[in-house]
Amino acid sequence: MAKITASVYTSHVPAIGAAIDLDKTQEPYWQPLFQGYEFSKQWMKDNKPDVIFLVYNDHATAFSLDFIPTFAIGTAAEYQPADEGWGPRPVPKVVGHPELASHIAQSVIQQDFDLTIVNKMDVDHGLTVPLSLMCGQPEAWPCPVIPFAVNVVQYPVPSGRRCFQLGQAIRKAVESFDEDLNVHIWGTGGMSHQLQGARAGLINREWDNAWLDKMINDPVACADTPHIDYVREAGSEGIELVMWLIARGAMADVAGGPKPKLAHRFYHVPASNTAVGHVILENQ
Amino acid sequence: MSLEKPYLDVPGTIIFDAEQSRKGYWLNQFCMSLMKAENRERFKADERAYLDEWPMTEEQKQAVLARDLNWCMRTGGNIYFLAKIGATDGKSFQQMAGSMTGMTEDEYRAMMMAGGRSPEGNRYIGEDGDAQAHRQPQGAAGKKGA
């Protein structure tokens, strides 16, 4: 049967993708950030998954105001990196896993989460930057990826609690898939940042780190963090952190299993406008 | 009964909710059109004529022509959509975000390098942080008139 063995959490700042693509990772501005992912790139090689279930948000790329799905699962065979206005990132196409994705869609909908099913979409920096951070610049990504897009652009976005429950449903769905697959679930976005108005540039190092502690050690309490706390404390775009709770909810301890092992934790300010957080948890 | 909107008392912040989204529908859809290279060319060739193809309000058109992102946001724009105008102009997210504070590009970048804007005094309207209305614009732009 398929099994979720680990979860990865990381910010997905577009400027990080640009720094990688333009070969700036060793510049003094970027060097400390990429240093924090050296461990992770090795870890990916040592713990290569068969499939990555990648939770991210679309930034007005595949979804305009024509359709605004709260939760959308990609069931396509492949996805192209999107042109977000600066030209598409020079990264490999993303190969999907239609069989597992359709299986998860059916199972999760039967568990009362009304997903939108997407068979055609381009994927933006929200999905490709985490892949670049964890895998470097390969000719092809190391395994198939199931894109899972969450609306965090137009309020109200789903609550942390709902995301956490969804993660639990995804774990059950994965574990009911017959093929033996090693699945990673990634939660991306955040941490504190605000891209708008007179308060643009807000960073809250103390709050971010307290939230990380809670996310790792007491995820049930973390999932209860109300929306307004993210907005007030972590900036209007800090709300992206609810997506991390989907990945956290899919870990074994939430279903009564052992606590996960903290393999890696990293925090850095700034990447452009944003505080970067990164965690790797392994199921024991 | 009114909807619950606990985010209205956060200073220097407009939350893009369903109401703002309705208000900004055509403004944001115009922005999406700039994801196609041929539309970027047509817009750059004659901005006013291109904007007139869209059923936006006159105020929204003026806000776009002025490249005043705060004004765009007040009329229903969302930053991820407005970023397509920035991309057309060759601007980064940092340049766009910084432009909304009144700071110069260097000032904004220096603030981020120093750890970003502090939340102190910037959580509720009526406090005394640097994002509060009575302290705008920030940076050199704010000092000029002082």
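**Exercise 1.** In which handedness of crossing does H4(A) pass H6(A)?

Before we start, a word on the model: it's predicted, with local features needing pLDDT of at least 70, side-chain atom pairs counting only at pLDDT 80 or more, and totals for chains, interfaces and linings using all residues. Residues are numbered from 1 along each chain as its sequence is written, while chains are lettered from A and ligands numbered from 1 in the order in which they are written.

*Solution.* 
- Step 1: find the pair, helix H4 (residues 98-110) of chain A and helix H6 (residues 160-175) of chain A. Helices (H or I, at least four residues) and strands (E, at least two) are DSSP runs, numbered from the N terminus.
- Step 2: take the geometry. The two pack at an angle of about 125°, axes 9 Å apart; axes are lines fitted to C-alpha atoms, for helices over the stretch in contact, and angles run from 0 to 180 degrees between N-to-C directions.
- Step 3: classify. H4(A) and H6(A) are therefore oblique to each other (under 35 degrees is roughly parallel, over 145 roughly antiparallel, 65 to 115 roughly perpendicular, the rest oblique).
- Step 4: H4(A) passes H6(A) in a right-handed crossing; right-handed has the near helix turned clockwise from the far one by less than a right angle, left-handed anticlockwise.

**Exercise 2.** Work out how H1(A) meets H5(A).

*Solution.* 
- Step 1: helix H1 (residues 14-21) of chain A packs on helix H5 (residues 125-135) of chain A at about 50°, with their axes 9 Å apart.
- Step 2: that makes H1(A) oblique to H5(A), and the crossing is left-handed.
- Step 3: list who touches whom. H1(A) brings Pro14(A), Ile16(A), Gly17(A) and Ile20(A), and H5(A) brings His125(A), Thr128(A), Val129(A), Ser132(A) and Leu133(A). Contact here is C-beta atoms, placed from the backbone, within 7 Å.

**Exercise 3.** Is Ala19(A) buried or exposed?

*Solution.* 
- Step 1: count. Ala19(A) has 22 C-beta neighbours inside 10 Å, so this residue counts as buried (20 or more other C-beta atoms within 10 Å is buried, 12 or fewer exposed, in between partly exposed).
- Step 2: look past the neighbours within four places in sequence, and Ala19(A) is in contact with Lys24(A), Thr25(A) and Trp30(A).

**Exercise 4.** How many residues does each chain give to the contact between chains A and B?

*Solution.* 
- Step 1: chain A gives 35 residues and chain B gives 47.
- Step 2: on the side of chain A that touches chain B, H1, helix H9 (227-234) and strand S9 (261-271) each supply at least two residues.
- Step 3: H9(A) has the largest share of that side, four residues.

How values were computed. Contact = placed C-beta atoms within 7 Å.
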